Amino acid sequence: MPVVKFRQFGDRPGPRPIRITVPGWAGDRQPRADGQHEQPWHCIPFSESARYGFELVYPFDVELRVTNEDGRVRLNADWGTPPDAMEVWPPFRPFGDDYYSYQLSLDLEAPPGFAVRTEPHPRYFTDPAHETPLAVPALIRTEWWPMIFFAIFRAPPPGVTHVFRKDEPFMAFTIVPDDPDFALEPMDAETAAQREMRSRRLAASRDRLAEGTRWTSDTRTIFDGAYRNLARAARLKAKEA
């Protein structure tokens with residue numbers, strides 16, 4: 001198993017696997033049943049993607065509120081006296097007019113052949129109040145860059161406030177190949193034909209694959225568990241192989 005290593009400076013929680021919180025940012029504890037409202041955690045592709053990386057939680061007692069005023073980012077917090085051994089205080093600072101930076105006091109080391117990619121936390125895409133900070137994606141090649149990380153965030157649009165609250169996750173990391181040397185090309189006729197036949201067989205079998213899982217939400221959207229059931233079967237087959 002590849003191992004990602006980290007070193008942390010100051011009294012801050014370290015990175016951790018992303019946690020799906022229900023009730024919480026991934027939705028309410030509502031079953032997949034007729035008349036219920038659809039929830040983010042109901043979607044297997046989303047919840048699997050959300051759990052793919054690591055998260056950081058905001059470590060400070062003081063709440064930070066970020067706004068956009070007259071086209072410039074505003075960082076609103078009463079930081080007070082800097083803690084002992086804090087080299088950068090306050091830890092958040094404007095970065096031009098539209099962005100701001102945060103000194104993470106964190107160093108990550110990905111396995112050889114991999115890099116660290118910073119990303120918005122998945123809860124950014126589920127937050128009904130639009131308060132979740134927007135981390136800017138960045139690729140860090142840690143094999144030769146042992147420096148302490150800082151992160152860049154996008155200022156919210158006018159009228160929106162991004163809020164950092166203690167112990168709430170605010171950004172994510174994923175570990176990706178450090179060289180995206182992928183070729184993109186059209187499928188050859190044989191491969192395309194094979195996938196088309198597989199898709200037709202799947203469509204013809206969908207009712208059987210989704211048996212007992214079809215439901216209609218309170219927005220009159222129809223859902224079924226065909227993908228979920230296939231994902232479960234694929235995982236079981238991989239374990240038995």
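1. A residue counts as exposed when its relative accessible area is over 50% and as buried when the area is under 20%, with partly exposed in between. The structure discussed here is a predicted model.

2. Arg-200 pairs with Glu-196 in a salt bridge whose closest N and O atoms lie 2.9 Å apart. Both residues belong to helix α2 (residues 189–204), and because they are four residues apart, about one helical turn separates them. Glu-196 is partly exposed, at 37% relative accessibility.

3. A salt bridge also forms between Asp-207 and Arg-214, with 3.3 Å between the closest N and O atoms. Asp-207 is exposed at 55% relative accessibility, whereas Arg-214, with a relative accessible area of 42%, is partly exposed.

4. The side chains of Arg-123 and Glu-168 form a salt bridge as well, at 3.4 Å from N to O. This pair connects distant parts of the chain, 45 residues apart: Arg-123 sits in the loop between β9 (114–119) and β10 (134–135), and Glu-168 in the loop between β13 (162–164) and β14 (169–177). Arg-123 is buried, with a relative accessible area of 10%, while Glu-168 is partly exposed at 25%.

5. Returning to the exposed Asp-207, its bridge to Arg-214 is one entry in the present note. Elsewhere, salt bridges with shared partners join Glu-63, Arg-65, Arg-123, Glu-131, Arg-165 and Glu-168 into one network.

Methods: Residues are numbered from 1 along each chain as its sequence is written. This is a predicted model: local features need pLDDT of at least 70, side-chain atom pairs count only at pLDDT 80 or more; totals for chains, interfaces and linings use all residues. Side-chain values use heavy atoms; hydrogens and water are left out. A salt bridge is a side-chain nitrogen of Lys or Arg within 4 Å of a carboxyl oxygen of Asp or Glu. Helices (H or I, at least four residues) and strands (E, at least two) are DSSP runs, numbered from the N terminus. Buried means under 20% relative accessible area, exposed over 50%, partly exposed in between (1.4 Å probe, protein chains only).
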